[in-house]
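Thank you for coming, everyone. I would like to walk you slowly through one protein chain today, so please have the picture open as I speak.

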Amino acid sequence: MADINRRRRALAAQQLPLPPAPRVFTVANQKGGVGKTTTTVNLAAALARGGARVLVIDLDPQGNASTALGVDHRSETPSVYDVVINDAPVASVLQKSPEFDALYCVPATIHLAGAEIELVSLVAREQRLRTSLDRFLAETSEPFHYVFIDCPPSLGLLTINAFVAAREVLIPIQCEYYALEGLSQLLNNIKLIERHLNPVLSVSTILLTMYDGRTNLANQVAEDVRNHFPKEVLKTVIPRSVRISEAPSYGQSVISYDPSSPGSLSYLEAAAEISRRGAPA
């Protein structure tokens with residue numbers, strides 16, 4: 001309890017610096033179940049709580065980020081599908097999350113499940129999300145500070161659209177045995193996209209999730225990841241937490257569901273670390 005109170009006081013005393021230009025993150029990992037959507041939603045909520053204007057783009061057909069942010073994503077709802085396939089303006093599908101006044105979401109609907117096939121025949125199929133997002137960010141009357149794009153756990157055209165639209169990649173890594181498996185392939189794919197489609201893309205942030213400090217395995221995985229990526233890995237780790245798992249069933253992030261829980265404090269600390277680091281040069 002003393003540690004939690006100390007962390008809470010330290011966070012309360014902090015003023016998060018706001019970036020001078022929008023920072024656009026793609027949250028990606030080809031491995032499923034590592035906390036991509038959980039990380040997207042809770043970092044976005046933590047930054048919005050700290051005073052930033054934040055946009056979450058739900059690019060996963062399952063729509064879990066939309067659920068966790070409490071926005072409507074029934075099949076008839078205007079969604080990111082309309083942006084990517086039908087060239088709808090981002091502003092026309094934007095919804096405000098009930099979580100925080102400065103938190104917004106572009107939801108995903110079930111129609112997105114067929115978007116991979118429909119994209120194949122479209123002109124500039126890899127650039128469609130970037131074109132719409134760049135136009136929106138340039139024209140919006142109130143600037144956004146952060147954009148997080150939640151990806152499906154596969155490298156299809158939707159994920160490629162996310163990589164092309166972003167400037168930074170955030171990779172959540174689960175503190176489990178298979179953590180680094182497949183990561184080299186993901187990094188190779190990111191390099192290919194950087195070389196051919198988006199020269200400003202870089203892996204700026206790696207976040208360790210589902211950490212259990214009581215086990216040797218979690219500590220070993222954390223040490224291995226830090227040794228491989230000393231600059232990219234955040235000092236903050238996200239613990240295994242029942243509260244983090246419960247929050248989406250109430251249509252909330254853990255930041256609003258249980259703001260004093262260890263999981264909530266960890267995401268608030270991770271958000272503060274990301275904001276202090278700033279965008280890569």
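Let me begin with the largest cavity, whose lining, sorted by class, has seven nonpolar residues, four polar ones and no charged residues. Please keep in mind throughout that this is a predicted model. The residues around the largest cavity include Ala28, Asn29, Gln30, Phe163 and Leu186, and its volume is about 50 Å³. How many cavities of 30 Å³ or more does the count give? By the rule used here, the count comes to one.

One of those lining residues, Phe163, leads us to isoleucine 190, because Phe163 is in contact with isoleucine 190, as are Val169, Ile171, Leu201 and Val203, once we leave aside the neighbours within four places in sequence. Isoleucine 190 sits in helix H8, which covers residues 183-196. Is isoleucine 190 buried or exposed? Its relative accessibility is 3%, and because buried means under 20%, isoleucine 190 counts as buried.

From the cavity we can turn to the pockets. The largest pocket holds about 500 Å³ of space, and among the 29 residues that line it, those closest to its centre are Gly35, Lys36, Thr37, Thr38 and Met210. Helix H2, residues 36-49, is one of the elements that give two or more residues to this lining, and strand E7, residues 202-211, is another; H2 gives the most, with five residues. By class, the lining of the largest pocket has twelve nonpolar, 14 polar and three charged residues.

The second largest pocket has a volume of about 280 Å³, and of its 15 lining residues the closest to the centre are Leu11, Ala12, Gln14, Arg49 and Leu268. Helix H1, H2 and helix H12 each supply at least two residues of that lining, with H12 giving the most, namely four. Here the classes divide into nine nonpolar, four polar and two charged residues.

Finally, let us step back to the whole chain, whose secondary structure comes to twelve helices and eight strands. The radius of gyration is 18 Å, close to the 19 Å that the globule rule gives for 281 residues, so the chain is as compact as a globular protein of that length. Buried residues make up 53% of the 281 residues, and, among contacts between residues at least 6 apart in sequence, 79% join residues at least 24 apart.

How values were computed: Residues are numbered from 1 along each chain as its sequence is written. This is a predicted model: local features need pLDDT of at least 70, side-chain atom pairs count only at pLDDT 80 or more; totals for chains, interfaces and linings use all residues. Side-chain values use heavy atoms; hydrogens and water are left out. Buried means under 20% relative accessible area, exposed over 50%, partly exposed in between (1.4 Å probe, protein chains only). Contact means heavy atoms within 4.5 Å. On a 1 Å grid over the protein atoms alone, a cavity is a set of points where a 1.4 Å probe fits but cannot get out, and a pocket is an open set with protein on both sides within 12 Å along at least five of seven lines; lining residues have an atom within 4 Å of a point. Grid points are joined across faces, edges and corners, and a volume is the space filled by probe spheres set on the points. Ala, Val, Leu, Ile, Met, Phe, Trp, Tyr, Cys and Pro count as nonpolar, Asp, Glu, Lys and Arg as charged, and the others, Gly among them, as polar. The radius of gyration is taken over C-alpha atoms; the globule rule is 2.2 Å times the number of residues to the power 0.38.
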